[in-house]
Amino acid sequence: MLKCKEVVEKADALVDGMPLSWRERLAMRLHLIMCHHCRRYIRQLNALVTSLPHEPQPLDDEQTKRILKKIDSPGN
Ligand SMILES: [Zn+2]
């Protein structure tokens with residue numbers, strides 16, 4: 001099982017456009033199901049990233065879902 005620190009590192013890599021293997025994405029997803037801290041971190045990370053080139057956007061569950069979809073997406 002991944003540690004929170006590892007999930008954070010992989011989430012950063014994912015947002016930067018680094019490919020993750022299906023094993024890594026699966027491990028992240030399992031961790032996120034159980035870990036409220038990492039779900040919140042990913043939501044904040046996504047809000048930060050999306051706010052950089054554009055207008056700041058309110059946090060909502062759609063953003064969290066988008067990140068989860070990215071984690072789940074096959075291939076790169
Ligand atoms: Zn965690």
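Contact is taken here to mean heavy atoms within 4.5 Å. The structure is a predicted model, in which local features need pLDDT of at least 70 and side-chain atom pairs count only at pLDDT 80 or more, while totals for chains, interfaces and linings use all residues. Residues are numbered from 1 along each chain as its sequence is written, and side-chain values use heavy atoms, with hydrogens and water left out.

The chain holds 4 helices and 0 strands, where helices (H or I, at least four residues) and strands (E, at least two) are DSSP runs numbered from the N terminus. Along the sequence the pattern is α-α-α-α. Of the 76 residues in the chain, 29% are buried; buried denotes under 20% relative accessible area, exposed over 50%, and partly exposed the range in between (1.4 Å probe, protein chains only). Among the contacts in the chain with a separation of 6 or more, 59% are accounted for by residues 24 or more positions apart.

Helix α1 has 12 residues and reaches 16 Å from its first C-alpha to its last, close to the 16 Å expected at 1.5 Å a residue; the expected span is 1.5 Å times one less than the number of residues. Its buried residues are Val7, Lys10, Ala11, Ala13 and Leu14. These cover an arc of only 160° around the axis, which puts them on the same side of α1, the arc being that of the directions from the helix axis to the C-beta atoms. Just after α1, Gly17 takes a positive phi of about 90°.

Helix α2 has 13 residues, and its first and last C-alpha atoms lie 19 Å apart, close to the 18 Å expected at 1.5 Å a residue. Arg25, Met28, His31 and Leu32 are the buried residues of α2. Their arc around the axis is only 130°, which puts them on the same side of α2. On the other side of α2, Trp22, Arg23, Ile33 and Met34 are exposed.

Two packed helices are described by the angle between their axes and the distance between the axes. The axes of α1 (residues 4–15) and α2 (residues 22–34) come within 10 Å and cross at roughly 125°. Axes are lines fitted to C-alpha atoms, for helices over the stretch in contact, with angles from 0 to 180 degrees between N-to-C directions. The two helices are therefore oblique to each other; angles under 35 degrees count as roughly parallel, over 145 as roughly antiparallel, 65 to 115 as roughly perpendicular and the rest as oblique. The crossing of α1 and α2 is left-handed, a term used if the near helix is turned anticlockwise from the far one by less than a right angle, with right-handed used if clockwise. In this pairing, Cys4, Val7, Lys10 and Ala11 of α1 meet Glu24, Met28, His31 and Leu32 of α2.

Two leucines of α2 were examined individually. Leu32, found in α2, is buried, with a relative accessible area of 5%. Not counting residues up to four places away in sequence, Leu32 touches Val7, Cys38, Arg39, Ile42, Leu68 and Ile71. The C-alpha atoms of Leu32 and Val7 are separated by 8.5 Å, with the two residues 25 apart along the chain. Leu30 is also placed in α2, but is partly exposed, at a relative accessible area of 40%. The C-alpha atoms of Leu30 and Leu2, 28 residues apart along the chain, are separated by 8.8 Å.

For helix α4 (residues 61–72), the 12 residues should span 16 Å at 1.5 Å a residue, and the end C-alpha atoms are 16 Å apart, which agrees. Gln63, Thr64, Ile67 and Ile71 are buried in α4. They cover an arc of only 100° around the axis, which puts them on the same side of α4.
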